[in-house]
Amino acid sequence: MSFISLLWVLLLGSLLGLELIGKVPPTLHTPLMSGANAISGITMLAALTLIVKAEGNVPLLIIGSVSLGFALFNVVGGFFVTDRMLAMFSRKPSNKK
Amino acid sequence: MNLPVIIKFVIDLLAVLLLALGIKGLSKVKSARDANRLAAFAMSLSVVGLLAYYLGTSGIAIQSWIWIIIGSIIGSLFGAILAKKVPMTSMPETVALFNGCGGMSSLLVALGVAIFPISGGQENFDFFKSLINEVSISVSIFVGAITFTGSIVAMAKLQGWLSTPGWTQSKVRHFVNIVFAVASLVAFFDLINGNTSSIWLLVIVSSLLGIGVTLPIGGADMPVVISLLNSYSGIAAAAAGFVVDSQLLIVAGAMVGAAGLILTQVMCKGMNRSLVSVLFGGSLSAQSTASSGSGEYTNITSCSVEECALTLEAANKVIIVPGYGLAVAQAQHTLREVTKKLEQNGIEVVYAIHPVAGRMPGHMNVLLAEADVPYEQLKEMDVVNPDFPATDVVLVLGANDVVNPQAKNDSSSPLYGMPVLDVQEARTVFVIKRGMSAGYSGIKNDLFDLPNTSMVFGDAKKVLNDLIGELKDLGVGEK
């Protein structure tokens with residue numbers, strides 16, 4: 001993949017991000033931040049790549065593994081905590097009735 | 001193109017689509033929970049796609065599997081445990097911590113690639129050959145380090161482990177930070193010139209820059225900072241995407257980065273602060289001691305819980321203004337009991353939620369939702385402000401700056417211009433508060449001096465418990 005096309009990807013991705021968040025009710029600011037935060041843990045893919053390509057280089061394997069750990073901490077924790085918050089909103093209607 | 005490449009391409013495309021739908025759905029109350037799960041699914045899909053791709057092409061060595069499994073298990077386990085255990089009140093610092101770790105991950109990837117140029121592989125993986133790779137490694141390290149140290153400082157400040165040191169409020173901090181920034185730039189150019197060892201200089205100074213930038217920022221502005229750091233971690237992920245040549249990382253990182261910026265902007269608007277003043281203005285309290293805004297209280301009326309209960313019983317309409325103090329005291333459930341009693345007596349109860357009530361926008365909504373407060377009773381500031389003149393009693397629980405009339409009346413006040421709740425328009429205002437200490441901004445609250453305001457001193461939870469007792473004695477809420 002050439003650098004130029006990667007730049008295009010970056011540009012279009014940013015525009016998509018700007019477009020996606022239009023009007024957000026204040027109620028959802030915290031969960032949205034936390035959910036988006038979990039997605040930024042996508043670097044776990046980079047960490048995986050690093051480990052796969054390490055070819056027996058132990059220091060590199062360790063760096064990759066630690067990086068993967070940090071990323072997954074971010075991803076798993078982020079999604080769980082967001083779900084916990086959102087669960088409190090969604091049980092509301094059923095309680096009302 | 002062989003089969004693994006095609007499969008990975010399709011999976012990546014699908015993952016991007018699902019992630020976009022996830023972010024979109026997260027901005028609506030109804031779809032938010034499903035959207036969160038959709039995004040989580042998309043993330044796991046992308047992992048499967050990547051692993052399948054490597055299995056189908058270069059293969060994955062046993063040794064690599066071992067390290068993958070070790071890293072995954074430890075990271076996921078700690079993440080899951082923390083996410084389950086953490087109380088809802090410390091949500092802002094939790095998000096900050098997760099965010100910082102995301103930044104750390106990007107930093108480590110770039111560092112790993114920089115120190116150990118990977119040989120072989122399907123793609124051309126010799127990194128230090130092209131300028132682009134050096135730039136993306138530098139950006140990834142720079143942004144990743146700032147995200148990490150900045151988030152950790154933000155977390156420590158919110159937890160109260162770290163206070164704002166005095167020197168950070170003077171002009172010295174700008175000088176210090178500029179030095180760090182220039183040093184990172186020097187390290188960056190040195191790196192491009194082929195001096196690999198300057199990568200450590202870059203790591204160190206950008207880490208220091210992250211600390212130096214976050215440390216002076218006052219607690220009230222912390223949500224904005226966390227949101228901004230969240231945006232940074234997206235940018236760091238995108239930069240890491242350039243490092244390992246992954247479009248998926250670039251798209252997802254860019255989406256989070258851009259969405260984070262918008263969210264930061266929305267939050268700034270809610271607090272009527274510009275991003276520039278949040279980042280470079282220092283904390284509000286520092287400004288207030290400089291201006292003459294402090295001063296003494298002259299006309300404080302304090303009253304007992306009993307009086308408060310009597311007034312509440314006679315009211316027709318009550319507005320509750322919850323703040324962070326309520327969250328700290330874990331009193332949201334007790335509050336719910338009080339309001340239930342009032343409602344049973346036919347009193348209209350509404351909660352006025354300031355956009356930045358709690359420590360993060362929407363934080364108070366989460367806490368009240370946890371206590372089973374019906375969603376319809378939570379009113380946003382613009383909706384509820386015209387109602388105050390027709391309100392009998394306002395209960396201010398652990399909120400301070402967001403009900404300070406100074407923000408409207410006193411142009412010399414540092415709070416001036418911040419949108420506030422007009423509680424003083426109500427017939428009676430009860431402020432439940434532990435003592436006369438100032439709010440997060442450190443500014444005197446003129447509300448407390450007003451004749452229609454009475455202070456009920458005590459811990460929010462204890463006062464509310466006493467209130468339940470008093471209301472019971474008055475026969476409120478028993479049919």
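**Entry 1: salt bridges**

I began with the charged pairs and found that the structure holds 8 salt bridges over all chains, a salt bridge being a side-chain nitrogen of Lys or Arg within 4 Å of a carboxyl oxygen of Asp or Glu. I noted that this is a predicted model, in which local features need pLDDT of at least 70 and side-chain atom pairs count only at pLDDT 80 or more, while totals for chains, interfaces and linings use all residues. I also kept in mind that residues are numbered from 1 along each chain as its sequence is written, that chains are lettered from A and ligands numbered from 1 in the order in which they are written, and that side-chain values use heavy atoms, with hydrogens and water left out.

Between chain B and chain A I have a count of 2 salt bridges. I looked up the one in which the side chains of B:Arg37 and A:Asp83 meet, at 3.4 Å from N to O. This pair crosses between chains, from helix H2 of chain B to helix H4 (residues 58-90) of chain A, where helices are DSSP runs of H or I with at least four residues, numbered from the N terminus.

**Entry 2: the interface of chains A and B**

How many residues of chain B are in contact with chain A? I found 105 of them, in contact with 82 residues of chain A, with contact meaning heavy atoms within 4.5 Å. The area buried between the two chains is about 8,600 Å², of which carbon and sulfur atoms give 76%; buried area is the accessible area (1.4 Å probe) that two parts lose on being put together, summed over both.

**Entry 3: H3(A) against H2(B)**

I then turned to helix H3 (residues 44-53) of chain A, which packs with helix H2 (residues 32-56) of chain B at an angle of about 20°, their axes being 10 Å apart. Axes are lines fitted to C-alpha atoms, for helices over the stretch in contact, and angles run from 0 to 180 degrees between N-to-C directions. H3(A) is therefore roughly parallel to H2(B), since angles under 35 degrees count as roughly parallel, over 145 as roughly antiparallel, 65 to 115 as roughly perpendicular and the rest as oblique. Among the residues making the contact I listed A:Leu48 and A:Val52 of H3(A), and B:Met43 and B:Tyr54 of H2(B).

**Entry 4: H3(A) against H3(B)**

I found H3(A) packing with helix H3 (residues 62-85) of chain B at an angle of about 150°, with their axes 8 Å apart. These two helices are therefore roughly antiparallel to each other. The contact is made by A:Leu48, A:Ile51 and A:Val52 of H3(A) together with B:Ser64, B:Trp67 and B:Ile68 of H3(B).
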